[in-house]
Amino acid sequence: MFEFGARNEFYLFKNDENGNATAIPFDNAGFMDAAPEDKGEDVRREICLTLEDMGVTPESSHHSGGPGQNIIDFQHSSAIQSADDVVTYKSVVKTMASRNGLTASFAPNPIPGKDGNGFHITLTPRMQMGDCSEYFLAGILEHAAEITAILNPTADSYKRLGAFGAPEFISWSEKSRWCFAYKKEGSSTIEVRSPDSTANPYLAYAALIYAGLDGYLKKTKLPKPDLARETCGKLPKSAEEALQIFAKSSFVRNVFPEYFVKTYIRTFGNGPADV
C-alpha cells in the first residue's frame, strides 16, 4: 500500500488589457510573506474553497520563494486518487487565476534567474513487514537517473535543476530539503524534490513505486546521507541526456511495456512547456 502527496508550485502573472498573459508577476513577495506584500492570498483562498467543493482537501497554502509564486498542499491519498487530485488542482488553479484577471503558470522555469516550479512528491510505503522506507528510498536513489525523463520531461525542466534549491545531485537528507530526496529521521515518508509539473503524475508515481519496490525486493542498502552524493552521482543535465539514460535502462524495460517505452522515446520533449 502506498500513500502519495503532492506540492505543485505555480506562478501568477498579470494579464494585459486584452486578457493575455504578461511576464509581470502578480507581486514581489518572498517565501512565506504575508499581505500586503503577498497579493495571492485571496486567489489561493478561492482555489482552496473550490478544491474542497470538488472533494480535494487542502492542508496549507502560502507564498513561495519567487515573485508571484505560490504553493498549496493537499491531503495524502492513494496513488490514483492523488494523481487525479493533481490534475484537478492544476485545472482549478488556472481557472481561478483567470477569473481574477491573472494567468497561472506551472512551467519549470517561468522567470529566468528566479525560483523554478517544483512538483514535490511524498511517498509513504506501507508493507506488512513494517517500515520499509529505507529500502524504497535506496531503490529510488539507485534508479533516479533512469526515471528522470519521466519526472522531468521537457527541455525547460533542466533549467530548474541545480538552482534555487532544486536538486542537482542524487542525494538524500534527514535534515535539509535542498536535496533530491528528504526523509526525516524516524519517519517512513519520502519526499522526492526533483520532479516538475510537466511530468504526468500517473507516470511519475508509477516510476517511483517500481523503483522503490525494486529496492525493497533486492533489499538495497541505503547509503548514508553524507555519502549518497558520491555514491549515486548527478541527475542528468539535459533532456537529451535524460532520454539516453532512459532508453538504455534495463530497469525501465523490465517494469514498463516495450510499446510504452518506444512511444515515450518517440514523443519525449514534444509536450507543452507549461501544463
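Author: A definition to start with: helix axes are lines fitted to C-alpha atoms over the stretch in contact, and the angle between the N-to-C directions runs from 0 to 180 degrees. Keep in mind that this is a predicted model.

Reader: Fine. At what angle do helix 2 and helix 6 pack, and how far apart are the axes?
Author: The angle is about 145 degrees and the axes are 9 Å apart. Helix 2 covers residues 79-99, and helix 6 covers residues 201-218.

Reader: Is that crossing left-handed or right-handed?
Author: The crossing of helix 2 and helix 6 is right-handed.

Reader: Which residues make the contact?
Author: From helix 2, Ala-79, Ile-80, Ser-82, Ala-83, Asp-84, Val-86 and Val-87; from helix 6, Pro-201, Tyr-202, Tyr-205 and Ile-209. By class, that contact has nine nonpolar residues, one polar and one charged.

Reader: Switching to strands. How do strand 3 and strand 4 run, and how many bridges join them?
Author: Strand 3 (residues 58-63) and strand 4 (residues 69-74) run antiparallel, with five bridges joining them.

Reader: What stands opposite His-63?
Author: Asn-70, in strand 4.

Reader: And what sits in the turn of that hairpin?
Author: Five residues lie between the two strands, and Gly-68 has a positive phi near 75 degrees.

Reader: Cysteines next. How many disulfides are there?
Author: The count is zero, with a pair of cysteine sulfur atoms within 2.5 Å as the criterion.

Notes. Residues are numbered from 1 along each chain as its sequence is written. This is a predicted model: local features need pLDDT of at least 70, side-chain atom pairs count only at pLDDT 80 or more; totals for chains, interfaces and linings use all residues. Side-chain values use heavy atoms; hydrogens and water are left out. Two strands pair if DSSP finds at least two bridges between them. Helices (H or I, at least four residues) and strands (E, at least two) are DSSP runs, numbered from the N terminus. A crossing is left-handed if the near helix is turned anticlockwise from the far one by less than a right angle, and right-handed if clockwise. Contact means heavy atoms within 4.5 Å. Ala, Val, Leu, Ile, Met, Phe, Trp, Tyr, Cys and Pro count as nonpolar, Asp, Glu, Lys and Arg as charged, and the others, Gly among them, as polar.
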